[in-house]
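Reader: Hi! I'm new to this, and I'd like a close look at one part of this structure.

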Amino acid sequence: MPLKTLFLNPPSFEGFDGGAGSRWPATREVESYWYPVWLTYPAGLLEGSRLLDAPPHHVSAEETIKICKEYEFLVLFTSTVGWEGDQRLAEAIKAANPAMRIAFVGPPVTTDPDRALNECPALDFICRREFDYSVVEYANGKPLNEILGISYRLNGKVVHNPDRPQVEDLDAMPWATKVYKRDLDVTKYSVPFLLQPFIALYSTRGCPAQCTFCLWPQTLSGHAWRKRSTDDVAAELAWAKKNFPHVKEYFFDDDTFNIQKQRTVELCEKLKPIGVTWSCTSRVTTDRETLKAMKDAGCRLLIVGFESGDPQILKNIKKGATVERARAFAKDCHDLGLTIHGDFILGLPGETKESIQNTIKFAKSLDVETIQVSIAHAYPGTEFYEYARENGFIKNTTSMSDEGGHQMAHIEYPGLPPTTYSRWCIASTMSIISGLRLRRASFGKP
């Protein structure tokens, strides 16, 4: 029998916003809860395991520690911002249950495994990048020295085993929705611009785009784009529709759901007869024909990372898109009746007061239904972080959030201190709202 395993998305700040995949513990003006999709796969592979998503289910740290006494192995998904709190929680869990083995997964332990293991003695090991099979192998009794993709302590030194190849056969992975059915209450999850209740899942992994600021392809999922078969995705949606009759919307939280036209159109043909409402992420390079196929198959809303309305900023971050293409994309969506949730970021490389004004004018011209305006954060492990560090632009080196979990600017450019674009983040949001047919807006997700 495998070790009795608990997969944990840990308790965080009051008003916690998990971010896509529970990767960003921070508070927002509008409370949101996203699904811990990454944890569902190993949870589904291990018989007798449980996925505990503490924030939306309002499970406190004290209750989490108590629950952990019933388990032998803990897998905790940590984040850059939540690292210190997660470390303290792990130490408390270990004190209450000394026999508990603890592994951390997620971006910060991938980018600096030595620091993680040296700072947190409660950790038995960490997993770098994709961790599905690493933690399952350990739970099934495989020795640490034989498990690819992990780091651990041995005789006072940190040992790094060889990297684990990326998961290629995504159809072999469990369905996230079956783990939700087993362990979670889907009515606890809400995002202001999605229909409630909703369910999030993935149809692909990885992102071939090279955006310098984006954490996930650079630290977790990689740039290699891997896809589930369209039959497997359609079969999961059909199963979910039967098992969650009260769910109003399904959200494909892929980094780049519709990046390949042929695959997107093929999937849409198989989703159409199922008859569900769904939404997804999208790049502005998606053409009108693909968008029409999506709309005809039940797509309602697209989350679109416009990021900036300044052409030079888009070049600086290697967005692979232009202002002109973004405008054409938005027009196509409006013509087809697709709703857009637009994401914008202030404080990206090269930002000036003028480029911020360009973004405000650009956002108003798009006339999207809802928006987010976020402060740029340079996460360790990203090209943006190396650029900011090498040029001395990182001024707040201690924390990306305050004690309440609110975002804190930590990048300062010549003539543009952090306090300036922090204020502009709110001011520009309100300015954009005043120029849109906006119904709702949410703030603060990076």
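Which residues is Thr-40 in contact with, leaving aside its neighbours within four places in sequence?

Author: Leaving those neighbours aside, Thr-40 is in contact with Leu-51, Ala-176, Val-179 and Tyr-180; contact means heavy atoms within 4.5 Å. Before going on, a word on the source: this is a predicted model, where local features need pLDDT of at least 70, side-chain atom pairs count only at pLDDT 80 or more, and totals for chains, interfaces and linings use all residues. Residues are numbered from 1 along each chain as its sequence is written, and side-chain values use heavy atoms, with hydrogens and water left out.

Now, back to Thr-40. You'll find Thr-40 in helix α1, residues 37–45. (Helices are DSSP runs of H or I with at least four residues, strands are runs of E with at least two, and both are numbered from the N terminus.) Thr-40 counts as buried because its relative accessibility is 1%; buried means under 20% relative accessible area, exposed over 50%, and partly exposed in between, with a 1.4 Å probe and protein chains only.

Next, the sheet. Seven strands form an open sheet in the order β4-β1-β5-β6-β7-β8-β9, and the pairing is mixed. Two strands pair if DSSP finds at least two bridges between them. β4 (50–53) and β9 (157–160) stand at the edges with a single partner strand each, so one side of each has no neighbour in the sheet. From one strand to the next, the twist averages 20°. As for α1, that helix packs on the sheet, touching β1 (5–9), β4, β5 and β6 (101–105), and its direction makes about 175° with that of β1. For these angles, axes are lines fitted to C-alpha atoms, for helices over the stretch in contact, and the values run from 0 to 180 degrees between N-to-C directions.

Tyr-180 also turns up among the aromatics: ring pairs link Tyr-180 with Trp-34, Tyr-35, Tyr-189, Phe-193, Phe-198 and Phe-251 into a cluster. Rings of Phe, Tyr and Trp (its six-membered ring) pair if their centres lie within 6.5 Å; planes under 30 degrees apart count as stacked, over 60 as edge-to-face and the rest as tilted. By this rule there are 23 aromatic pairs. Take Trp-34 and Phe-193: their ring centres are 6.3 Å apart with the planes at 55°, so this pair is tilted. Trp-34 is in the loop between β3 (26–27) and α1, while Phe-193 is in the loop between α7 (176–183) and β10 (198–201), 159 residues apart. Both Trp-34 and Phe-193 are buried.
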